[in-house]
Amino acid sequence: GWDCGGDSAMWVITIDSDTTFTAQYDYSREFHTLVMKDPLENLAGSLFVDADTFTGAESDSQWFWWEEGSVHDIGVSQMDSVDEFRKWRFLSWSDGGAALHTTSPLTSPQDFVANYIARFPVNIYKEPPADTFGYLSHDIDTFYGAESVYQRVWWDSASVHILVASAIDTIDEFNRYLLTHFSDGYDSSHFTEPLMAPTDFIAYYNREHLCHIAKSPADNTYGFLIIDSDTISGAESAGSSRWWNHSSSHYIEASTPDYADSTLRYSWIFWSDGLPVGHWTASVDTPCTITAYYQREFRVVIEKEPPANVCGWTAIDGDTIHGGESASLSRWWLEGSSHDIAVSEHDFCVDSVYRFDRWSVAGVLTSSFTADILGDTTFTAYYTASTPVLDIWLSRNSWDLDTLIGGEIRAMEDGDEIHIANLSDVPIDLG
């Protein structure tokens, strides 16, 4: 105030003598104080200082003269949304206060800085979206069923996160989805790279169907199966299952024949899909079973006894074999099939003759019969061997040939005759 009693900085007084007027001040220090956001580009949201609210461009920073020892209410919004691609998230004040707080008494010039960090939208989803059967997890949150297909979150700039997707999503026992890789290059669960912009993280899956490749009958475990690049032998070759990608095609091949031993084998007949013994399958769009069908064949031997009898013939289903091969033959015949077998009744070998006696099959005494094949069998034709006696008798010649000159041919005339009798113990052939 004034020493003469004035109580305002400007007042009116009447002068009636020389006078000294003294203005008396109560001194207090003030500090030039900055209240601001960092980064300054964050123009979204609000800045609160005591009773004032600043928005837009004014919200980035404000200067004030504040008295020494004074306290003030300052605050900012927790989340400032710029647009659909960026937000700013409040981190801290430089004085350690909460988003809305009262400062400590001022003791010196001081800046109050509200620190923000940028946030970016992140889309996390599965491809194809039909896969609703497993789970999707980021950090501590796990989503199942339909929620596992797509999640949208906001993550801080430069932050890293854990992404986890179920490796196998089972639809049922014959259909599933298999995780192949993530869009950021990882094959399975992983930490992301520091986030620098809006990003999509995609978990890619293949739909798969269970297909069974088998042989029938199932006791045929003697050959192999080829499935793509795998060759399977032994017991596993009777049947093997594979998970195949939807719409894929695969190479399969069955061995033939498959030998169980020297007397039994399995011969391939056809595949259930109607294609050759080695082939590429049709596009796999559903679970499947593809079966290679086989037939049992038994080794059958047809032989003559004694084996020295190589002068006749053996006939099998109308096919006649002569000479040495006819003494012993082998064939692979289907289980349950029937075949006609015959052998020559008299086999002439130089000075020996072999007469058919019987077959090794009980009750078969004729040289030909029909055999029913129920297993590996040897059919033996038994012969008796002997040295033939040749005795040809000619009757008295009642054909008077008289004298024939050189080169003369004479035919029989009416009344001419000659009698020949075969007194041998074997048939003869006079041409």
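I began with Phe21, which is partly exposed, at a relative accessible area of 33%. The model I am reading is predicted. I looked up where Phe21 sits: in the segment before strand E1, which spans 30–38. Then I checked the surface around this residue. Phe21 belongs to a nonpolar patch there, along with Trp11, Ile13 and Ile15. Together the four have about 350 Å² of accessible area.

Next I turned to Gln151. I found this residue in strand E12, residues 150–156. Is Gln151 buried or exposed? Its relative accessibility is 14%. Buried means under 20%, so Gln151 counts as buried. I followed its side chain and noted that the side chain reaches the backbone oxygen of Glu147 at 3.1 Å. I then listed what Gln151 touches, leaving out residues up to four places away in sequence. The list reads Val122, Asn123, Ile124, His138 and Phe143.

Then I went through the aromatic rings. How many aromatic pairs does a search of the whole structure find? I noted 16. I picked Trp155 and Phe201, whose ring centres are 6.0 Å apart. Their planes meet at 45 degrees, so I wrote the pair down as tilted. This pair links distant parts of the chain. Trp155 lies in strand E12, and Phe201 lies in strand E17, residues 199–216. They are 46 residues apart.

My last entry is a group of rings. Which residues form one aromatic cluster? I wrote down Phe356, Trp359, Phe369, Phe379 and Tyr383.

Methods
Residues numbered from 1 in each chain as written. Predicted model: local features only at pLDDT ≥ 70, side-chain atom pairs only at ≥ 80, totals over all residues. Heavy atoms only, no water. Patch = residues over 30% accessible without salt bridge, like charges linked within 9 Å, V, L, I, M, F, W, Y side chains within 5 Å. Areas by Shrake-Rupley, 256 points an atom, 1.4 Å probe, with all protein chains shown as cover. Salt bridge = Lys/Arg side-chain N within 4 Å of Asp/Glu carboxyl O. Helix = DSSP H or I, 4+ residues; strand = E, 2+ residues; numbered from the N terminus. Buried < 20%, exposed > 50% of the residue type's maximum accessible area, 1.4 Å probe, protein only. Polar contact = N/O pair within 3.5 Å; in protein donor to acceptor, adjacent residues only side chain to side chain. Contact = heavy atoms within 4.5 Å. Phe/Tyr/Trp six-rings, centres within 6.5 Å; stacked < 30°, edge-to-face > 60°.
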